[in-house]
Structures are given as C-alpha cells and as structure tokens.
Amino acid sequence: MINTSAFLCILRRSAVAGAVVAAAVVVGPANANKDPVTPKQLKLYQEAFMEEVRKGDLLFHGDAAMAEQLGVKLSTTGWACAMCHPMASDTHPHAFPKFQQSMAKFATLRDMINWCIEKPNQGEKIDPESEAMKALEAYITWSNTGSVLVPGKY
C-alpha cells in the first residue's frame, strides 16, 4: 500500500519542478554577460590575458625572478617545464579534464601542472587559485590555440 503523505510530497515536488522548467522555457536563457563588448573593452581584456600569458611564459621557461615575484618554487632540479614540453606545444590542455594514467585519477589541467611540479621537477605544489597557476594555465592554453581535440589520444 502507498503511503499517502509520501505520495503527496512527491507530487508536490514534481509540481514545483515542472513549474520551474515551465518558467525557464517562458523566460528563456539568462542574459548574463550578453551585452555587446566594445572594441575598447575587448582590447583591455586581450591585454590582461596577454599579461598573464607573459607571466606564464616566464614561469614555464624557468624564470627565477618571476617565480620569486609570484612566491612559487617550481623546481629544485634546475629543470623548467619547457625542458620536457618545448613552448608548451605538447601539453594538450584541450584534452583536460581526463583520466590521467600517471596520476591514476581523473585530473584537471591544474592537477597535471602540479603533478609535474611535484614529481619530475621536485618543486612545491602551488595553489590552484594562485596567480602563478592562472598564468601557467593561460600560457599553456594560449600556446595550444588552434589545437584539435582528439579524446583519448594524449
């Protein structure tokens, strides 16, 4: 026999869920960030991005001054990221997130960056939300612009 109060609770939840879906269909998608970007804004956005790319480039290629400025120790072996990944050309950031066999887990690009810092370079893991991580991620992504995603290939 069906518990009447449980049945009514399920019915009410279904009605609420249906009302939310109906409202979303009538109202349409949210308009957040839908305003046109002016050429001046676009230029400022591009400049800010390229500044992060510049910092990431320096970090990726082992610039000690930039590492010190951002408070990170990416290597104790004297190696830089670029020694294994010249110009970030073979990092395939577009393939993340994915199962990363070397880590034996599902990983993001930031996870992989930290794995490389800690394991081969014997450096100190960096905060995933740090300026250094964002700069490295910006450089790696920028370096691979135009790459084609081929899942499972890398």
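User: Which helix does A67 lie in?

Analyst: A67 lies in helix α3, which covers residues 64-70; helices here are DSSP runs of H or I with at least four residues, strands are runs of E with at least two, and both are numbered from the N terminus. This is a predicted model, where local features need pLDDT of at least 70 and side-chain atom pairs count only at pLDDT 80 or more, while totals for chains, interfaces and linings use all residues. Residues are numbered from 1 along each chain as its sequence is written, and side-chain values use heavy atoms, with hydrogens and water left out.

User: Is A67 buried or exposed?

Analyst: A67 counts as buried because its relative accessibility is 12%, where buried means under 20% relative accessible area, exposed means over 50%, and partly exposed lies in between, with a 1.4 Å probe and protein chains only.

User: And what does A67 touch?

Analyst: Leaving aside residues up to four places away in sequence, A67 touches L59 and V72, a contact being heavy atoms within 4.5 Å. The C-alpha atoms of A67 and G56 are separated by 9.7 Å, with the two residues 11 apart along the chain.

User: Switching topic, how many disulfides does the structure hold?

Analyst: The structure holds zero disulfides, a disulfide being a pair of cysteine sulfur atoms within 2.5 Å. For C81, the nearest cysteine sulfur is that of C116, 7.1 Å away, and for C84 the nearest is again that of C116, 7.5 Å away.

User: Why does C84 count as partly exposed?

Analyst: C84 counts as partly exposed because its relative accessibility is 42%, whereas C81, at 15%, counts as buried.

User: Where is S130, and what does its side chain reach?

Analyst: S130 is found in the loop between α5 (109-118) and α6 (131-143), and its side chain reaches the backbone nitrogen of M133 at 3.1 Å. S130 is also buried, with a relative accessible area of 17%.

User: What about M50, which helix is that in?

Analyst: M50 is found in helix α2 and is partly exposed, with a relative accessible area of 29%. M50 and W142 are 92 residues apart in sequence, yet their C-alpha atoms are 8.8 Å apart in space.

How values were computed: A polar contact is a pair of N or O atoms within 3.5 Å; within protein, one must be able to donate a hydrogen and the other to accept it, and residues adjacent in sequence count only if both atoms are side-chain atoms.
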